[in-house]
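These notebook entries record what I looked up in the structure. They are arranged by topic.

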Amino acid sequence: MNRILVVAEHAGGKLNAAVAKCVACAVSIPDADVTVAVLAADGAEAAASAAGIKGVARVLLVQNPANEPALAAILAPQLAKLAEGHDVVLGPSTTFGKDLMPRVAALLGAPQLSDIMAAESATRFRRPVYAGNAIATVELPAGKPVVATVRVASFQPAPGGGSAAVEKRAVDVALPKHTRFVSVSAARTDRPDLQTAARVISGGRALGSAENFKLIQGLADKLGAAIGASRAAVDAGYAPNELQVGQTGKIIAPELYVAIGISGAIQHLTGIKDARTIVAINKDSEAPIFEVADIGLVGDLFSLVPEIEKLL
Amino acid sequence: MRKILVGIKRVIDYNVRVRVRPDGSGVVTEGVKMSANPFDSIALEEALRVKERGEADEVVAASVGPTESQQQLRDALAMGADRAILVKTDGNVEPPVVARVLQKLVERETPRLVILGKQAIDDDCNQTGQMLAALWDRPQATFASKLELQGEVARVTREVDAGLETIEVDLPAVITTDLRLNEPRYIKLPDIMKAKKKPLDIIELASLGIDAAPLVKTLKLEPPPQRQKGIMVKDAAELVAALKQRGLA
């Protein structure tokens with residue numbers, strides 16, 4: 001049996017959609033026995049959601065006011081304790097998981113694999129390197145624990161219909177006081193979440209200004225899409241950082257990805273490779289985005305985007 | 001002395017289109033331009049700015065890697081680092097090993113801040129800073145887009161999935177940089193000349209008493225699956241028709 005611990009990301013009582021994808025990765029490991037750990041102030045609601053994911057054998061709920069808002073320095077020692085006796089510890093490859101999991105790995109003295117896209121066994125995994133320009137198959141020594149983050153774009157969420165038991169756990173470890181949460185500022189939006197949206201419309205530097213960037217909103221409204229941006233557009237201040245798609249931003253796998261005024265740097269393409277259909281609109285017919293686009297249109301985005309919006 | 005330790009990794013340059021060797025044993029490196037990992041240049045720039053504000057006295061750049069990494073450390077010295085340390089090894093080093101090496105350097109140098117890139121653009125691991133912070137039992141502030149020092153506390157704005165998060169950490173602490181923390185300065189010719197006179201110490205990794213044997217074995221590298229060649233449409237109407245045909249509009 002391979003004992004797998006999945007670390008749950010949650011906020012405001014809601015389980016992050018990445019958790020069901022991590023469970024999907026966990027159950028793809030042969031002979032998996034999957035435990036989900038929910039570390040929260042209360043966490044009852046998130047734990048109940050986790051218990052409902054098919055394939056989960058049990059949910060461990062650790063309640064402590066210090067657990068929210070989540071800070072890696074506070075969560076890591078508790079998770080290292082919970083991880084004892086497990087073969088694989090999985091977290092999502094979101095900023096939450098990327099921040100937390102290496103700290104857990106170091107406390108366990110375990111190696112970490114980042115962004116695993118497939119599990120071939122409990123010791124053999126596939127992961128992208130060089131901004132997705134190469135896929136590595138890696139193997140770890142058997143009998144030693146491994147920590148990994150799961151590339152959420154590579155997995156379909158595990159379905160519901162599970163009925164695991166929720167066990168409350170007290171974890172007796174000293175928690176540091178050296179790290180304190182101050183604030184979080186997030187743009188409130190009614191749009192679908194970029195990471196999980198079925199459709200995404202992204203804008204690039206060619207939009208030219210923050211004001212012009214709004215041009216793509218109408219199209220996103222028509223298609224019920226989330227909005228994304230290239231690094232160039234974020235660097236230029238046209239769009240906030242959380243919209244960045246690419247190697248160092250969000251890696252997404254929507255059914256439809258529309259790139260507007262994005263030339264398609266390697267680092268951007270790595271974030272959209274798993275999209276089912278890629279549409280590109282760009283005035284430069286030589287732009288690398290057209291090499292990966294399923295449907296390409298060369299022309300002036302300022303006239304084309306309103307026209308397309310009208311036709312939809 | 002208030003020191004800042006900065007990590008510099010030698011990687012294939014950002015602009016190179018990386019190709020996998022036909023036998024799957026690695027990627028093509030012959031005749032390929034090598035540079036400092038871009039996130040590490042951002043880390044160094046931030047350290048220099050902290051020093052220029054009078055909030056640090058010395059910036060030390062450190063690298064773990066082959067002899068050739070001296071080139072990237074010389075560039076760091078030209079940018080403004082005061083001295084450099086190369087922990088030399090020809091083997092492949094994994095983040096847990098680099099973190100333990102940095103921990104040794106931290107014990108020697110007792111820096112107030114360690115600033116590292118959030119990830120290297122070759123292995124894309126995003127682990128070393130967090131691992132160092134755990135081994136050192138100190139705070140970590142990852143993916144930083146703003147850093148302010150207030151006495152013995154650092155206030156750091158972090159780029160997270162939800163937006164921007166601000167945390168406060170007691171010093172000493174490990175900071176890892178995100179893209180928008182700053183824009184690194186260009187190296188000027190006279191600074192390259194001056195950098196030649198700055199100290200660059202070389203330590204053999206083997207002399208540090210760390211087990212550097214890799215735990216993760218790479219069995220093979222493959223190029224990613226290629227996407228099917230798409231179609232070009234000539235106007236908005238054709239585009240919308242193509243979307244409708246695929247059930248996407």
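**Entry 1. A helix of chain A.** I looked up helix 4 of chain A and found that 14 of its 14 residues are buried, so the helix is largely enclosed by the rest of the structure. A residue is called buried if 20 or more other C-beta atoms lie within 10 Å of its own, exposed if 12 or fewer do, and partly exposed in between, with C-beta atoms placed from the backbone. Helices (H or I, at least four residues) and strands (E, at least two) are DSSP runs, numbered from the N terminus. Helix 4 covers residues 95-108 of chain A and reaches 21 Å from its first C-alpha to its last, close to the 20 Å expected at 1.5 Å a residue. The expected span is 1.5 Å times one less than the number of residues. After helix 4 of chain A comes A:Gly109, with a positive phi near 65°.

**Entry 2. Basis of the model.** I note that this is a predicted model, in which local features need pLDDT of at least 70 and side-chain atom pairs count only at pLDDT 80 or more, while totals for chains, interfaces and linings use all residues. Residues are numbered from 1 along each chain as its sequence is written, and chains are lettered from A and ligands numbered from 1 in the order in which they are written.

**Entry 3. Chain A as a whole.** I recorded 10 helices and 18 strands in chain A. Of its 312 residues, 57% count as buried. The C-alpha trace of chain A spans about 60 × 40 × 40 Å along its principal axes. A compact globule of 312 residues would have a radius of gyration near 20 Å, and the 21 Å of chain A agrees with that. This radius is taken over C-alpha atoms, and the globule rule is 2.2 Å times the number of residues to the power 0.38.

**Entry 4. Where the chains meet.** I found 64 residues of chain B in contact with 65 residues of chain A, contact being C-beta atoms, placed from the backbone, within 7 Å. On the side of chain B that touches chain A, strand 9 of chain B supplies the largest share, 8 residues. By class, that side has 35 nonpolar, 11 polar and 18 charged residues. Here Ala, Val, Leu, Ile, Met, Phe, Trp, Tyr, Cys and Pro count as nonpolar, Asp, Glu, Lys and Arg as charged, and the others, Gly among them, as polar.

Entry 5. Which strands make up the open sheet? I traced 10 strands in the order 13(A)-9(B)-8(B)-7(B)-10(B)-6(B)-1(B)-4(B)-5(B)-11(B), with mixed pairing. Strand 13 of chain A and strand 11 of chain B stand at the edges with a single partner strand each, so one side of each has no neighbour in the sheet. Strands pair if DSSP finds at least two bridges between them. Strand 13 of chain A pairs with strand 9 of chain B in the antiparallel sense over 6 bridges; there, A:Arg180 has B:Glu168 as its bridge partner.

**Entry 6. Strand 1 of chain B.** I looked up residues 3-7 of chain B: 5 of the 5 are buried, so strand 1 is largely enclosed by the rest of the structure. B:Lys3, B:Leu5 and B:Gly7 point one way, and B:Ile4 and B:Val6 the other. In a regular strand the side chains alternate between the two faces of the sheet. Strand 1 of chain B pairs in the parallel sense with strand 4 of chain B over 5 bridges, with B:Gly7 partnered by B:Ala62. Another 3 bridges join strand 1 of chain B to strand 6 of chain B, also parallel, and B:Val6 stands opposite B:Ile115.

Key:
Two residues are in contact if their C-beta atoms, placed from the backbone, lie within 7 Å.
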